[in-house]
Amino acid sequence: MCIDRITFIVAMEAEARPLIRKLSLVEDEFFGVGLPMRGWTGEYEGISLCLVTNGKDRATTHDLIGTEAATLSTQLALERYRPQMVINAGTAGGFMQKGARIGDVYLSHREVVYHDHRVDIPGWEAHSEGHYPVWDTGQLQSLHLKYGVVSTGSSLDMPEGDEKRIHRLGGELKEMEAAAVAWVSSLHAVPFFCVKAVTDLVDSGKPTHEEFLQNLKLATDHLSEACLEIIQFFAQNPNIRLK
């Protein structure tokens, strides 16, 4: 099936800026009126592209990160742009013991999970962990990106319990939005996957926030390059399986 409408959900402006420039996207002044979320639109090789960020917190002027803002951003994007595919693009922490390196770009594999939703009631565990399936990114193997299960939590740090849960769930990337974007996309029955660039190595022994800030530019540059390759792949391969 020919994919001609793609929407990117990106948490932070710094993560989005290189891709906005690369694709010459123009801001949509009518997106999310009265809300902090922002949208950009454009076209590349016949594909209608939209990119939505969470925007800034009015009180602090910092980027709105985390699942709450990502949920609203995704809902607004799906209502306005009606995409055939939703891609959550952003940065993440990786694990040295699982082969991650700073700047590596990963495609989500199999499912997206939550590692900090703990509901110790019989029968509720699977629901609390999410287990949202992702689109078959195996069709993008020719791009030679890495693959991994993406795990979402609400904090930058990682308590020991969260780390154990990530490993039990098979997680290879740790971030703060993907499962929320996956959930809203699933409600609309729109295929979804992630593309994530590694800013920090969770098990390096270095402070996460220092690694994140130090490597953000490198990671976002790699992220924008990978996103462009993905768009080009969709443009040049009209027989992609959406379901």
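1. Radius of gyration here is taken over C-alpha atoms, and the rule for a globule is 2.2 Å times the number of residues to the power 0.38. For 243 residues that rule puts a compact globule near 18 Å, and the protein comes out at 17 Å, which agrees. Along the principal axes, the C-alpha atoms fill a box of roughly 45 × 45 × 40 Å.

2. Before going on, a word on what you're looking at. This is a predicted model, where local features need pLDDT of at least 70 and side-chain atom pairs count only at pLDDT 80 or more, while totals for chains, interfaces and linings use all residues. Residues are numbered from 1 along each chain as its sequence is written, and side-chain values use heavy atoms, with hydrogens and water left out.

3. The overall make-up: six helices and ten strands. Helices (H or I, at least four residues) and strands (E, at least two) are DSSP runs, numbered from the N terminus. Of the 243 residues, 54% count as buried, where buried means under 20% relative accessible area, exposed over 50%, and partly exposed in between (1.4 Å probe, protein chains only). Take the contacts (heavy atoms within 4.5 Å) with a separation of 6 or more: 76% of them join residues 24 or more positions apart.

4. Have a look at helix α1 (residues 13–23). Its buried residues include Glu15, Ala16, Pro18, Leu19, Ile20 and Leu23. Their cover includes β1 (5–10), β3 (38–44), β4 (47–53), β5 (85–94) and α6 (208–236).

5. Leu216 sits in α6 and counts as buried because its relative accessibility is 13%. Leaving out residues up to four places away in sequence, Leu216 touches Ala14, Thr91 and Thr199. Leu216 and Ala92 are 124 residues apart along the chain, with 10.0 Å between their C-alpha atoms.

6. Ser151, in strand β8 (residues 146–152), is buried, with a relative accessible area of 0%. Apart from residues up to four places away in sequence, Ser151 touches Val113, Tyr114, His115, Ile166, Leu173, Lys174 and Glu175.

7. Now the α2/α5 pair. Helix α2 (residues 67–81) packs on helix α5 (residues 178–187) at an angle of about 35°, with the axes 8 Å apart. Axes are lines fitted to C-alpha atoms, for helices over the stretch in contact, and angles run from 0 to 180 degrees between N-to-C directions. The crossing is right-handed, meaning that the near helix is turned clockwise from the far one by less than a right angle. On the α2 side you'll find Thr67, Ala70, Thr71, Thr74, Gln75 and Leu78, meeting Ala180, Val181, Trp183, Val184 and Ser185 of α5. By class, this contact has six nonpolar, five polar and no charged residues. Ala, Val, Leu, Ile, Met, Phe, Trp, Tyr, Cys and Pro count as nonpolar, Asp, Glu, Lys and Arg as charged, and the others, Gly among them, as polar.

8. Last, some backbone angles to check. Most residues other than glycine have a negative phi. His144, not a glycine, has a positive phi of about 60°; it lies in the loop between β7 (132–133) and β8 and is exposed, with a relative accessible area of 72%. Ala189, in the loop between α5 and β10 (192–201), has a positive phi near 55°.
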